[in-house]
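Trainee: Could we go through this structure together? I would like to begin with the strands and then turn to the ligand.

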Amino acid sequence: MIEANHVGWKVGGARILEDVSLTVGAGELLGIIGPNGAGKSSLVNILSGVIRPSSGRITLQDRDVTRASATRRARLGLSRSFQTSALFDGLSAGENVRLAIQASGPAPFSPFRRAGAASGARTEDLLERVRMPGRATTLARDLSHGDRRKLELAMALASEPKALLLDEPMAGVSAEDVDGLAEIIGEVRDSGVAVAMVEHHMHVVLGLADRVAVLHHGQLLATGSPSEVTRDELVQQAYLGEAL
Ligand SMILES: Nc1ncnc2c1ncn2[C@@H]1O[C@H](COP(=O)(O)OP(=O)(O)OP(=O)(O)O)[C@@H](O)[C@H]1O
């Protein structure tokens, strides 16, 4: 579904990513891990079309999208969440989701277009999918941090994506919310979506991912099943002193 072939990215003289190749299939969850500054967010930005790589190729469902904009990739079925919150705090949870539904609809998008009844039902469906039933009228700013992350997930799912990129979807949430989010993300994968997830909560990545890609200094150190990468000597050295 998503494929990166020999991707490199240079900024000025600095090599941020070098020769990174990976695939994520439908119904598969790829965990992307690596120490701070390894290049994980840069990779997600390249996969989603926010950054154009200096070399290599990105394909989405076998279609070359290397030069395609983020909007074009979204129309082809790719969705993503961001490391930092992308919610409208002054709007309710339901309004945030409705905007995401409208934005994923046919162009031109207008925030002033009235949402139909169908969009109301889909909003409630999406909120249920992220275990937030009946929260449509709560203002985003009044939600707990964990619920804000769930709402972001609902918004990323509004376009009914075939592929989903998640950049630290559990950053800063409580331990119990981490488990809840992991369960929801697992269900999204099980519904057939190709999911690539950058995440620092190692136990979640290792418990949830089908395969794990380990980045270090912009290079792919290892890819494999969670147990394969945790046994890998190079990976253990990269995480020296940290429990894997
Ligand atoms: N636009 C940019 N211009 C210059 N350097 C950049 C740019 N974006 C990222 N970098 C550098 O690229 C390296 C990788 O950054 P990136 O954010 O991709 O890492 P990361 O693995 O996601 O880190 P973290 O886990 O801390 O979020 C870092 O050294 C960062 O400073």
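Predicted model: local features only at pLDDT ≥ 70, side-chain atom pairs only at ≥ 80, totals over all residues.

Trainee: Understood. How many residues lie between β1 and β2 in the hairpin?

Mentor: Two residues separate β1 and β2 in that hairpin. In the turn, glycine 12 has a positive phi of about 55 degrees.

Trainee: And in which sense do β1 and β2 pair?

Mentor: Their pairing is antiparallel, with seven bridges joining residues 2-11 of β1 to residues 14-24 of β2. Glutamate 3, for instance, has threonine 23 in β2 as its bridge partner.

Trainee: Which residue in β4 stands opposite isoleucine 2?

Mentor: That is leucine 60. β4 covers residues 55-60 and is joined to β1 by five bridges, again in the antiparallel sense.

Trainee: What is the strand order of the open sheet?

Mentor: The four strands run in the order β2-β1-β4-β5, with antiparallel pairing. β2 and β5 each have a single partner strand, so one side of each lacks a neighbour in the sheet.

Trainee: Which strands does α1 touch?

Mentor: Helix α1 packs on the sheet and touches β1, β2 and β4, its direction making about 120 degrees with that of β1.

Trainee: Now the ligand. Which residues are around it?

Mentor: Among them are Val11, Ile16, Asn36, Lys40, Ser41 and Ser42. The largest share of this shell, three residues, comes from α1, residues 40-48.

Trainee: How does the shell divide into nonpolar, polar and charged residues?

Mentor: Six are polar, three are nonpolar and one is charged.

Methods. Residues numbered from 1 in each chain as written. Pairing = 2+ DSSP bridges. Near = placed C-beta within 6 Å. Nonpolar A, V, L, I, M, F, W, Y, C, P; charged D, E, K, R; others polar. Contact = placed C-beta atoms within 7 Å. Axes fitted to C-alpha atoms, helices over the stretch in contact; angles between N-to-C directions.
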